[in-house]
Amino acid sequence: QVQLVESGGGLVQAGGSLRLSCAASGSIFGINVMGWYRQGTGKQRELVATITSGGTTNYADSVKGRFTISRDAAKNTVDLQMNSLKAEDTAVYYCNVAWSQWALKYDYWGQGTQVTVSS
């Protein structure tokens, strides 16, 4: 079984920074995508940023230039550095790891960590 444990959420003023970390454990296929998603109150969960095991990154337009995703493939960790935070970044942030193997899709989520940005 795969487990994802997030840390680093909290309360920050607009313009400030936070760094989220996620540690994955268990049987994880070597070729995978790790990422961060978020869900604001009354909103659908949305992609924030992803990074492949090869290092290719993808960002939501709303966070480009402000957030940076990185990973340590050996440790199965993924971090999200969030700078210039805005009130609209307030949400529960979820770590995710996903891969396909033998035509099956695997998709695991962390429990979420709250990020609150005060304006």
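Visitor: Before we start, what does contact mean here?
Guide: Contact means heavy atoms within 4.5 Å. This is a predicted model, where local features need pLDDT of at least 70, side-chain atom pairs count only at pLDDT 80 or more, and totals for chains, interfaces and linings use all residues. Residues are numbered from 1 along each chain as its sequence is written, and side-chain values use heavy atoms, with hydrogens and water left out.

Visitor: OK. What is leucine 80 in contact with, leaving aside neighbours within four places in sequence?
Guide: Leu18, Arg19, Leu20, Trp36, Val48, Ala49, Phe67, Thr68, Ile69 and Tyr93.

Visitor: And the largest nonpolar core: how many residues?
Guide: It has 29 residues. Trp36, Leu80, Met82 and Tyr93 have the most contacts inside it. A nonpolar core is a set of buried Ala, Val, Leu, Ile, Met, Phe, Trp, Tyr and Cys residues joined through side-chain atoms within 4.5 Å. Buried means under 20% relative accessible area, exposed over 50%, partly exposed in between (1.4 Å probe, protein chains only).

Visitor: Which strand gives the most to this core?
Guide: β9, with 5 residues. Strands are DSSP runs of E, at least two residues, and helices are runs of H or I, at least four, numbered from the N terminus.

Visitor: New topic. Where is serine 84 found?
Guide: In the loop between β8 and β9.

Visitor: Why does serine 84 count as partly exposed?
Guide: Because its relative accessibility is 42%.

Visitor: What about the phi of tryptophan 102?
Guide: Positive, about 55 degrees, although tryptophan 102 is not a glycine. Tryptophan 102 lies in the loop between β9 and β10 (104–109).

Visitor: Is tryptophan 102 buried or exposed?
Guide: Exposed, because its relative accessibility is 77%.
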